[in-house]
Every structure is written in structure tokens, then in C-alpha cells.
Amino acid sequence: RHRYDLAATDDLHFNVASNYHPDLAIAYELPGKLAYVWAFHINQEALREKALRFIEEATKDGTLRRLEDRYFGHIRRLDARDIEVFLERMRSHLPRLRQAFQEAQENTGIDWRLLAALAYQESQWDPLATSPTGVRGIMMLTEDTADRMGVGNRLDPRQSILAGGRYLTYLMDNLPKEIEHPDRLWFALAAYNLGMGHLRGARYFAPGLKRDPNSWVDMKEVLPLMSRPEYYKRLKSGRARGGEAVILVENIRNYFDVLSRIEPVWTPPSLGKVSPRNKPQVKK
């Protein structure tokens with residue numbers, strides 16, 4: 001591995017790299033713009049026409065917008081200090097919690113690194129975390145959720161992690177079948193923070209705003225509206241901090257990216273001993 005004092009790159013790659021190397025800084029902005037093109041052989045006019053139609057259709061139906069959000073829509077959420085603290089806690093806190101996260105993966109089929117990212121966003125991996133609203137523990141469970149998931153002690157990290165994994169699975173299982181992965185996971189994470197009732201309310205408003213209620217990139221624009229009275233007064237669930245739910249999901253996606261780069265995939269030893277279930281999977 002080599003280290004260099006200076007490198008030329010574009011904004012996108014710099015933002016991605018900053019999530020793994022928070023000490024990176026822009027020394028000088030080069031003039032001009034960088035463009036990417038597809039090149040075709042002079043005798044491949046038919047292929048060129050197909051490519052143009054593909055781009056036109058993907059732009060019109062929102063495919064390009066969804067792809068951009070899927071891979072890059074969340075990468076600018078965290079600053080250098082956020083990443084520094086996260087990397088430090090990966091060294092100091094994660095080792096003693098890894099086994100519980102992996103046990104939760106074995107129980108739910110959800111990548112342990114995603115569950116770890118959720119727990120970090122909720123509590124920064126502090127088993128004793130408590131909020132002013134009464135949610136507690138490393139997965140910040142409400143008392144009602146803890147009771148539903150059979151948790152005897154919310155401050156026990158293993159109990160909290162296993163319950164948090166089961167609860168996230170429960171939320172995914174209760175979303176409409178029209179929501180596909182990976183959006184299904186992002187919706188479930190929003191509901192983990194917001195509550196399923198508020199998420200349903202936001203989805204109810206989406207068509208009237210010409211947004212797809214089954215698309216995360218569209219719902220990112222709708223959810224913040226749930227704090228405005230002209231919207232929440234029309235719903236039984238009432239006011240919601242939808243903007244906070246969006247930030248939570250995007251932060252978790254960032255933390256998951258970092259964990260996926262540094263921490264290896266873990267395969268449960270019992271994987272070959274149980275019949276497969278159609279469990280939600282994290283797709284990169």
C-alpha cells in the first residue's frame with residue numbers, strides 16, 4: 001500500500017474516499033469540468049442508437065435517478081469528525097459486540113454489519129444509552145417494542161441487539177410487497193425511527209405529490225413534509241419528524257459502507273443446516 005501527498009480526482013470519488021479517510025482535504029480545485037462518455041466504433045451506429053434510447057428512457061422513467069441515489073445519494077451526509085469518531089469506536093467498542101451482531105444475523109438473515117450500523121446510529125454502541133423520550137439501550141428500543149420482542153432488560157446489549165434485529169425484520173415483513181430491495185430495507189429503517197403509522201401516512205401523500213410511494217429516492221422528499229401541519233393534521237398518526245428519519249437512514253447507509261469495506265462478510269455456521277427462508281438481504 002502506498003501513500004501519496006497529492007492526487008487528482010473528481011468530487012464523487014473524493015466524497016466516497018472521505019468516508020474511509022477523514023483526513024483527506026481539497027488542496028486545489030482544478031479548472032474545467034470532467035465528462036464521461038461512451039465511445040463506439042464507427043461501424044456500430046445501431047449499438048450507439050440503442051445506447052441513446054436506453055439513456056433517454058432511463059432518464060424519463062427515473063431509473064438513472066434511482067441508481068444515483070442507490071450508490072451515491074447518501075455519501076455526503078457525514079463530516080470528517082463523524083467518520084473519525086466512528087472509526088475509533090470500531091476499534092474500541094465493536095470487538096466486544098461483534099458476536100451479538102453476528103448472532104442477530106444468524107437469527108434474521110440481515111447482514112450483521114447493517115445491524116451494527118443501525119446500533120451505532122441509535123446509541124454510538126453505548127449499551128446504557130437513554131433518550132429523553134424513554135427509549136433505551138444499544139438499539140434504543142421503546143418499552144412497548146422491547147415487550148413485544150420479549151426483552152427483559154433493554155440495557156443488556158445482547159438482548160437489545162437480538163431484539164433490534166427481530167424488530168427490523170418485523171418491519172420489513174409488514175411493508176407492502178411492491179417495495180423492492182434495497183428500498184425495502186431503507187423504508188424499514190425509517191419506520192424503526194418514525195413508526196410504521198407515520199411511514200404509512202407519508203406513503204399516502206406521495207401520489208398526490210407525484211412521488212412514488214414505493215421508491216426511497218421519492219420518499220426522501222415526502223417524509224420531511226410530515227412535520228408541516230397541512231400534512232400531519234390530516235392523519236390519525238399526527239406530526240412526525242420525517243426529516244430526522246431520512247437523515248438516520250442515510251447515516252446508516254454510510255456507516256454500513258464503511259463497515260463493509262473494513263469488516264469481512266460473516267457466514268453463520270448453521271447456514272447449511274437450516275432450510276432457507278425468504279429473508280431480507282442487504283444488497284450493495
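**Entry 1: ground rules and fold**

I take helices (H or I, at least four residues) and strands (E, at least two) as DSSP runs, numbered from the N terminus. The model is predicted, so I note that local features need pLDDT of at least 70 and side-chain atom pairs count only at pLDDT 80 or more, while totals for chains, interfaces and linings use all residues. Numbering runs from 1 along each chain as its sequence is written, and side-chain values use heavy atoms, with hydrogens and water left out.

I went through the secondary structure and got 13 helices and zero strands in the chain. Read along the sequence, I can write the pattern down as α-α-α-α-α-α-α-α-α-α-α-α-α. Taken along the principal axes, the box filled by the C-alpha atoms is roughly 70 × 50 × 45 Å.

**Entry 2: largest pocket**

I looked up pockets next (open sets of points on a 1 Å grid over the protein atoms alone, where a 1.4 Å probe fits, with protein on both sides within 12 Å along at least five of seven lines; lining residues have an atom within 4 Å of a point). The largest one holds about 1400 Å³ of space, a volume being the space filled by probe spheres set on the points, which are joined across faces, edges and corners. I get 33 lining residues for this largest pocket, and A7, A8, T9, F14 and L24 are the closest to its centre.

Which helix gives the most to this lining? Helix 1 does, with five residues. Helix 1 spans 11-18, and both helix 1 and helix 13 (242-262) supply at least two residues of the lining. I sorted the lining by class (Ala, Val, Leu, Ile, Met, Phe, Trp, Tyr, Cys and Pro nonpolar; Asp, Glu, Lys and Arg charged; the others, Gly among them, polar). For the largest pocket I have 19 nonpolar, five polar and nine charged residues.

**Entry 3: second largest pocket**

I put the second largest pocket at about 750 Å³. Its lining has 26 residues, and T142, Y192, N193, L194 and G195 lie nearest the centre. Two or more lining residues come from each of helix 6 (112-123), helix 7 (143-148), helix 8 (157-173), helix 9 (183-194), helix 10 (196-205) and helix 13. Helix 9 gives the most, with four residues.

**Entry 4: helix 5 on helix 8**

For packing I use axes (lines fitted to C-alpha atoms, for helices over the stretch in contact, with angles from 0 to 180 degrees between N-to-C directions). The axis of helix 5 (residues 98-108) comes within 9 Å of the axis of helix 8, and the two cross at roughly 30°. I therefore log helix 5 and helix 8 as roughly parallel (angles under 35 degrees; over 145 is roughly antiparallel, 65 to 115 roughly perpendicular, and the rest oblique). The crossing is right-handed, as the near helix is turned clockwise from the far one by less than a right angle.

I then listed the contact residues (heavy atoms within 4.5 Å). Helix 5 brings A100, F101, E103, A104, N107 and T108, and helix 8 brings R158, I161, L162, G165, R166 and T169. I count this contact of helix 5 with helix 8 as five nonpolar, four polar and three charged residues.

**Entry 5: two partners of helix 13**

I checked helix 4 (residues 80-92) first: its axis comes within 12 Å of that of helix 13, crossing at roughly 50°. Helix 4 and helix 13 are therefore oblique to each other, and I note a right-handed crossing. From helix 4, F86, L87 and M90 meet Y255, V258, L259 and I262 of helix 13. What classes are in this contact of helix 4 with helix 13? I find seven nonpolar residues, no polar and no charged.

Helix 6 packs on helix 13 at an angle of about 130°, with the axes 8 Å apart. I therefore put this pair down as oblique too. Here also helix 6 passes helix 13 in a right-handed crossing. The contact residues I wrote down are R113, L114, A116, A117, L118, Y120, Q121 and E122 of helix 6, with L248, N251, I252, Y255, F256, L259 and S260 of helix 13. They divide into 10 nonpolar, three polar and two charged.

I flagged a cis peptide bond from H181 to P182, with omega near 5°. P182 sits in the loop between helix 8 and helix 9. I also flagged Q124: it is not a glycine, yet its phi is positive, about 55°. Where is Q124? I place Q124 in the loop between helix 6 and helix 7.
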